[in-house]
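User: I would like to go through the terms used for this model and see what each one rests on. Please set the values against the definitions.

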Amino acid sequence: MMRINITAPRSLDALGRIIAITRRAKVSVVNMQIAADTTIYRIHMDVDGDPDEVSWLVAKLDKLPEVLTIEEIYINR
């Protein structure tokens, strides 16, 4: 399982784009938490699936101009 941590501007458009790309990936979203700060969203997703698909998802999300930072962390079950 992998955890993906994302920061994005506090905009529902940015959040919608992140969710739309995540839905296209062939991974299971086990847990998703979104915390709103004054100017940014902090998004934490736990995803399970083929490592290539998770890498595809991270690469696609990283290309979005709305994504300020992205971090991929391996979680040992």
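Analyst: What follows takes the helices, the sheet, the core and a few single residues in turn. This is a predicted model, in which local features need pLDDT of at least 70 and side-chain atom pairs count only at pLDDT 80 or more, while totals for chains, interfaces and linings use all residues. Residues are numbered from 1 along each chain as its sequence is written, and side-chain values use heavy atoms, with hydrogens and water left out.

User: What makes leucine 12 exposed?

Analyst: Its relative accessibility is 64%, and leucine 12 therefore counts as exposed. Leucine 12 is also in helix H1. From leucine 12 to leucine 61 there are 49 residues in sequence and 16 Å in space, C-alpha to C-alpha.

User: Where does arginine 17 fall on that scale?

Analyst: Arginine 17 has a relative accessible area of 39%, so the term is partly exposed. This residue of helix H1 touches Leu64 and Glu66, not counting residues up to four places away in sequence. Arginine 17 and lysine 63 are 46 residues apart along the chain, and their C-alpha atoms are separated by 11 Å.

User: How do you know that the buried residues of H1 are on the same side?

Analyst: The buried residues of H1 are Ala14, Leu15, Ile18, Ile21 and Thr22. They cover an arc of only 130° around the axis, and therefore lie on the same side of H1; the arc is that of the directions from the helix axis to the C-beta atoms. Elements covering these buried residues include S1, S2, S3 and H2. The face of H1 turned away from the buried side carries the exposed residues Leu12, Asp13, Arg23 and Arg24.

User: What puts the buried residues of H2 on the same side?

Analyst: Val54, Leu57, Val58 and Leu61 are the buried residues of H2. Their arc around the axis is only 95°, which puts them on the same side of H2. Asp52 and Lys63 are exposed on the other side of H2. The cover over the buried residues of H2 includes S1, H1, S3 and strand S4 (69–74).

User: How does the reach of H2 compare with the span expected?

Analyst: The expected span of a helix is 1.5 Å times one less than its number of residues. H2 has 13 residues and reaches 19 Å from its first C-alpha to its last, close to the 18 Å expected. H1, with 13 residues, reaches 18 Å, close to the 18 Å expected.

User: What makes S2 and S4 edge strands?

Analyst: Two strands pair if DSSP finds at least two bridges between them. The 4 strands form an open sheet in the order S2-S3-S1-S4, with antiparallel pairing. Strand S2 (28–36) and S4 each pair on one side only, and these are the edge strands.

User: How many bridges join S1 to S3?

Analyst: There are 8 bridges between S1 and S3, which run antiparallel. Isoleucine 6 has isoleucine 43 in S3 as its bridge partner. S2 and S3 also pair in the antiparallel sense, over 8 bridges, and they form a hairpin with 3 residues between them. Methionine 32 has methionine 45 in S3 as its bridge partner.

User: What is meant by the largest nonpolar core, and which residues touch the most other members?

Analyst: A nonpolar core is a set of buried Ala, Val, Leu, Ile, Met, Phe, Trp, Tyr and Cys residues joined through side-chain atoms within 4.5 Å. The largest one has 19 residues, of which Ile6, Ile18, Val47, Leu57 and Leu61 touch the most other members. Strand S1 (2–9), helix H1 (12–24), strand S3 (40–48) and helix H2 (51–63) are the elements that give two or more residues to this core. Leaving aside neighbours within four places in sequence, the contacts of valine 47 include Val27, Val29, Val54 and Leu57.

Terms used:
Buried < 20%, exposed > 50% of the residue type's maximum accessible area, 1.4 Å probe, protein only. Contact = heavy atoms within 4.5 Å.
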